[in-house]
Amino acid sequence: MSGCQCKSGFFALRDCQGPVVTQCPTCRRAICARHSTVAAGSTQCLDCWAKGQKQPPRDPGAVGADPELDQQWTYGYRHRYYSSGGYMPIYTGHRHGTYYDSYDTRSFAPGVAVGAAVGDDLEHDDRAGFGDS
Amino acid sequence: MLKTFKALKALTSDQRRILDTKFIDGEYEAQALVAELRAVAEFDRMSDGVRKGLVIRIVVCALVAFATIFMVANGITWALVLMGAAVALAIYFGVMLSKLKALDLSNNFRVVAMPLLAILSEDMASDARLHVRLDLTAPDVAAKKISTSEPYKHGVYYKVIDTTYKDAWFDGSAKLADGSLLRWSVVEHLLESKRSKRNARGKYKTKTRQYKRSVIEVDVALPKDTYALGPMQAPPDHKLSIKPGEKRRVVKLDRKIKQRTHDPIDARELIDLIAMAYGAAKPATTGAAA
């Protein structure tokens with residue numbers, strides 16, 4: 001299996017497929033540069049980094065809070081959102097694994113072909129065709 | 001304070017323009033936009049903290065200057081130097097304060113817009129563009145004022161003046177990496193009620209009460225060839241409708257949030273609405289996308 005094994009996305013997860021630069025020492029998954037972060041002297045995947053955060057970062061609007069709304073913040077927020085908000089992300093990729101099972105990820109069944117669009121003649125949206133571009 | 005002005009100086013001309021105009025309207029690559037706005041947000045955060053400190057310093061300088069009046073009156077002539085220094089510092093801090101205040105952005109930017117844009121950039125292809133319109137002026141500027149009531153009596157208050165504002169500060173649209181189309185808007189109606197009364201000891205007191213109603217609208221158009229739609233039920237304070245289209249089903253969710261402050265809403269309110277639409281989505285299987 002080649003390519004980064006982390007999943008991109010927030011509302012819908014998808015395969016990353018970035019070029020692998022290292023392996024996460026925690027989950028042993030192959031990760032790309034975008035999905036890796038250096039924490040406590042070692043390189044980790046952003047998912048494991050997020051899971052390892054004990055305290056959530058402070059409100060991004062608070063004065064003096066950690067300022068960066070960067071990849072770390074996004075993946076930390078994603079982990080907390082999935083863990084506490086009752087949201088089960090939907091996975092639209094094809095490289096199935098067990099890493100995201102703890103989030104009760106809803107997944108396209110392996111091997112099932114998707115992409116068969118079925119047109120219909122139902123009414124269009126009243127907001128100038130939004131959804132049909 | 002110097003750090004804040006250094007951060008201001010380090011901004012690019014585009015970032016500085018956002019601070020000056022307090023308006024963003026256009027199509028941008030999501031990740032590039034977030035990267036650009038991050039420095040603006042950081043400056044705004046630093047500026048908020050520094051402004052609070054400057055107000056305290058101005059008050060301290062004013063108190064020192066006031067105290068020196070008595071010292072000079074009692075013949076302590078060197079207090080004149082102290083008075084001059086305190087006044088000069090107060091003026092300096094006042095100028096710095098007004099400079100930073102002129103560049104202040106609405107807190108909606110850091111609390112609501114930035115988190116949403118950071119999350120959306122994760123859900124979009126790296127070269128995908130989104131349309132964003134952000135009005136970052138304060139919600140209670142004169143341009144957003146709708147009406148000011150005539151003074152009226154209400155209960156113990158002998159004079160009440162209500163001022164209402166409409167702040168349509170955030171909307172946009174984006175195509176997400178899974179083929180879904182997203183459109184959102186946040187419109188806020190603010191009420192500031194100045195109420196004056198006379199208490200039992202005969203003193204006149206005026207207090208200001210703030211109310212806000214935020215209307216959040218989210219449309220998520222889910223591609224039929226990727227997603228089927230399960231049963232959906234909107235929570236009591238939400239409005240839900242599903243519009244079938246040729247290629248996508250459009251899930252429309254509206255929500256009104258009332259609060260007794262003009263503080264920003266929680267970004268999660270907006271994120272939850274989008275998640276609610278995705279919550280009903282399930283994988284489409286071959287031939288079963290209807």
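The structure is a predicted model.

In chain A, strand 3 covers residues 20-23 and strand 4 covers residues 30-32. The two strands pair in the antiparallel sense, and 3 bridges link them. One residue pair can be picked out: A:Val20 has A:Cys32, in strand 4, as its bridge partner. Together the strands form a hairpin, with 6 residues between them. Within the turn, A:Arg28 has a positive phi of about 65°.

Chain B carries a nonpolar surface patch of about 460 Å². Its members are B:Ile56, B:Val60, B:Val64, B:Trp78 and B:Leu82. Helix 3 of chain B, which spans residues 30-73, supplies the largest share of this patch, namely 3 residues. B:Val64 lies in that helix. Its relative accessible area is 30%, so B:Val64 counts as partly exposed; this class takes in values between the buried limit of under 20% and the exposed limit of over 50%.

The other patch in chain B is positive and consists of B:Arg213, B:Lys239, B:Lys256 and B:Lys258. Among these residues, B:Lys256 is located in strand 10 of chain B, a strand that runs over residues 248-259. Is B:Lys256 buried or exposed? B:Lys256 counts as exposed because its relative accessibility is 52%, and the cut-off for that class is over 50%.

Conventions. Residues numbered from 1 in each chain as written. Chains lettered and ligands numbered in written order. Predicted model: local features only at pLDDT ≥ 70, side-chain atom pairs only at ≥ 80, totals over all residues. Heavy atoms only, no water. Patch = residues over 30% accessible without salt bridge, like charges linked within 9 Å, V, L, I, M, F, W, Y side chains within 5 Å. Areas by Shrake-Rupley, 256 points an atom, 1.4 Å probe, with all protein chains shown as cover. Salt bridge = Lys/Arg side-chain N within 4 Å of Asp/Glu carboxyl O. Lys, Arg positive; Asp, Glu negative; His and termini not counted. Charge placed at Lys NZ, Arg CZ, Asp CG, Glu CD. Helix = DSSP H or I, 4+ residues; strand = E, 2+ residues; numbered from the N terminus. Buried < 20%, exposed > 50% of the residue type's maximum accessible area, 1.4 Å probe, protein only. Pairing = 2+ DSSP bridges.
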